[in-house]
Amino acid sequence: MKATHFGAGNIGRGFIGEILHENDFSIDFVDINETIINALKERKSYEIELAAEEKKHITVDQVTGLNNQKDPEAVIDSVATSDIITTAIGPKILPMIAELIAKGIQKRRQRGKQTPIDIIACENMIGGSQFLLDKVQPFLSADDMDYVDNYVGFPNAAVDRIVPIQQHEDPLFVSVEPFSEWLVDDTQSKAKQIRLDNVGYVSDLTPYIERKLFSVNTGHATTAYTGAFYGYTTIGEAVADRKVLDQLKAVLQETGDLLIAKWQFERPQHEQYIKKIIDRFKNPYISDDITRVARTPIRKLGYDERFIRPIREAKDYGLSYEALVDVVAMILQYDDPKDEESVRLQEMLKEKTMTEVIQEVTNLSEPTLVAQIVEKVRNS
């Protein structure tokens, strides 16, 4: 079987590529990075290293590279002839590949191909595949859409693996943490004949997406901003400090209480999930800079993002959210001159009152919550 995967970066090669390889797929990697695409074309394989004591290596073979800018027709033909299509390119880039995917779907229909296929956006976002479908649809005719309704699924997915920014002499080599999780919404899948090993198919993805967002994403960002507050530069250094670790545990306790109340996760199992997350952050074989994890602080303070949303919902459930507010106060003080959003946030704080900035960045309208955050910043 063959896969077309959009995004030949570290996550694409080190996570999605590994899973597809384990399931005996050949892989057409699509990207505009000429160095990586040319290396994939030439070598037809690459190495993954698991960031653990044994440093296990995995060889991913039967691969090649396609440059979607230089050879769009080859990409369209790949989509038309593949058994599964996946992405790991970032939410902002998804619209840029929509027309290529649409033309590939049209080619499948014109060839009379009736084998169902799933197109899965493996992005750090909620509803990624359906978002991609919304961008693909304008390029399709009514007949094309009938074909999609019958044969093309866009099942949403939740993915989780830490793949830090890294530089190697070999442009294809990638180091990843041993843990990975890839969940797919089975109700939106059309290609029932394909069930990937090491991928979970669930009837309701929402609880798992929120569990990941409010635990891994919130926890990772908590470690970064708390670490920065205490002067650390890496996640490993930060989480080794008892003050940072205690803050992380307090935040994950609050988000855990919310997830258990909202989705009825079993507490013992969720506590094990939290312990595994903390152990992942402590992994000494992964070097992750705080500036990478803490980047885009304005986005991370969004109304439906990893801090403000659990604060809002915990308040509605009558649960504690004090530790979450502590971190929000640290984010408002985060100052990285190399991060555009951090610079903008600090400029806003010089030009406006703290209350005005919090309201603008978080979209919070409830005076009590805004006042609690303001008070926390003043006392920190």
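1. A word on the model: it is predicted, so local features need pLDDT of at least 70 and side-chain atom pairs count only at pLDDT 80 or more, while totals for chains, interfaces and linings use all residues. Residues are numbered from 1 along each chain as its sequence is written, and side-chain values use heavy atoms, with hydrogens and water left out.

2. Start with helix 9, residues 242–263 (helices are DSSP runs of H or I, at least four residues, numbered from the N terminus). Its 22 residues, at 1.5 Å a residue, should span 32 Å, and the 30 Å between its end C-alpha atoms agrees (the expected span is 1.5 Å times one less than the number of residues).

3. Now look at what follows helix 9: Gln-264 has a positive phi, near 60°.

4. Helix 9 packs against helix 13 (residues 308–316) at an angle of about 60°, their axes 10 Å apart (axes are lines fitted to C-alpha atoms, for helices over the stretch in contact, and angles run from 0 to 180 degrees between N-to-C directions). Thr-255, Leu-258 and Lys-262 of helix 9 touch Arg-309, Pro-310, Glu-313 and Ala-314 of helix 13 (contact means heavy atoms within 4.5 Å).

Terms used. Helices (H or I, at least four residues) and strands (E, at least two) are DSSP runs, numbered from the N terminus.
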